[in-house]
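Good morning, everyone, and thank you for coming.

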Amino acid sequence: MRSSQDLSVAGGYGQGMVEVLHSTQASIIDPAVAQVIADWPTAFRARGLEIRRLIFDVATADDRIGPIVETLKWGQPAYLTARSKTGTTLRLWNDPEDTAVCKMLVHCQTNPVDQYRARFPETFAFEKNRAVLIPVDGPLPRAALSICIALALTYHVKSALTHR
């Protein structure tokens, strides 16, 4: 069995097909997602894959979240809960106008970014109500980002609790 750190190139889906193994099981990501990730600049790709792994790790650690579906939305890798009405979708965007950050986006009609901003005003920069900006270089603030990911992937669970 390979370690969860493995990243290798596999043939068959064009140049740069990426096989990623995450912490819970070996998984070959969707070829379309793999191509988008392969096309990311090297530093961004490393950070994006690190965030991707953290998304799967957070989902595995929190029973409320359940399995994560990885797909493309608006041409960007997107991570959503397989269970209906559990969380809001997370997307990773390589903005060509701001290559120093990885943008982790949420649906614009949700408020996780407001929650992130209130909890981590000094840890992250933010873009409107849509994105947390994660620097491509430097250490990843794993603990804070894990909380952000969990807030998004349990967004509807928490909302349901507050409406009781």
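Let me start with Gln-76, which, leaving out residues up to four places away in sequence, touches Thr-71, Arg-91, Leu-92, Trp-93 and Leu-105. Please keep in mind that what you see is a predicted model. Gln-76 lies in strand β5, which covers residues 76-81, and with a relative accessible area of 10% it counts as buried, because the cut-off for that word is under 20%.

From there I turn to the largest nonpolar core, which has 38 residues, and in which Met-104, Tyr-116 and Leu-145 are the ones with the most contacts. The elements that contribute two or more residues to this core include α1, α2, β7, α3 and α4. If we set aside the neighbours within four places in sequence, Met-104 is in contact with a list of residues, among them Ile-51, Leu-92, Tyr-116, Val-132, Leu-145 and Cys-148.

Now, how do helices α3 and α4 pack against each other? Helix α3, residues 112-119, and helix α4, residues 142-153, pack at an angle of about 150°, and their axes are 10 Å apart. Since an angle over 145 degrees counts as roughly antiparallel, that is how α3 runs relative to α4. The crossing of α3 past α4 is right-handed. In this contact, Pro-112, Gln-115, Tyr-116 and Arg-119 of α3 meet Ile-147, Cys-148, Leu-151 and Ala-152 of α4. Sorted by class, the residues in the contact of α3 with α4 are six nonpolar, one polar and one charged.

How values were computed: Residues are numbered from 1 along each chain as its sequence is written. This is a predicted model: local features need pLDDT of at least 70, side-chain atom pairs count only at pLDDT 80 or more; totals for chains, interfaces and linings use all residues. Side-chain values use heavy atoms; hydrogens and water are left out. Axes are lines fitted to C-alpha atoms, for helices over the stretch in contact, and angles run from 0 to 180 degrees between N-to-C directions. Helices (H or I, at least four residues) and strands (E, at least two) are DSSP runs, numbered from the N terminus. Angles under 35 degrees count as roughly parallel, over 145 as roughly antiparallel, 65 to 115 as roughly perpendicular and the rest as oblique. A crossing is left-handed if the near helix is turned anticlockwise from the far one by less than a right angle, and right-handed if clockwise. Contact means heavy atoms within 4.5 Å. Ala, Val, Leu, Ile, Met, Phe, Trp, Tyr, Cys and Pro count as nonpolar, Asp, Glu, Lys and Arg as charged, and the others, Gly among them, as polar. A nonpolar core is a set of buried Ala, Val, Leu, Ile, Met, Phe, Trp, Tyr and Cys residues joined through side-chain atoms within 4.5 Å. Buried means under 20% relative accessible area, exposed over 50%, partly exposed in between (1.4 Å probe, protein chains only).
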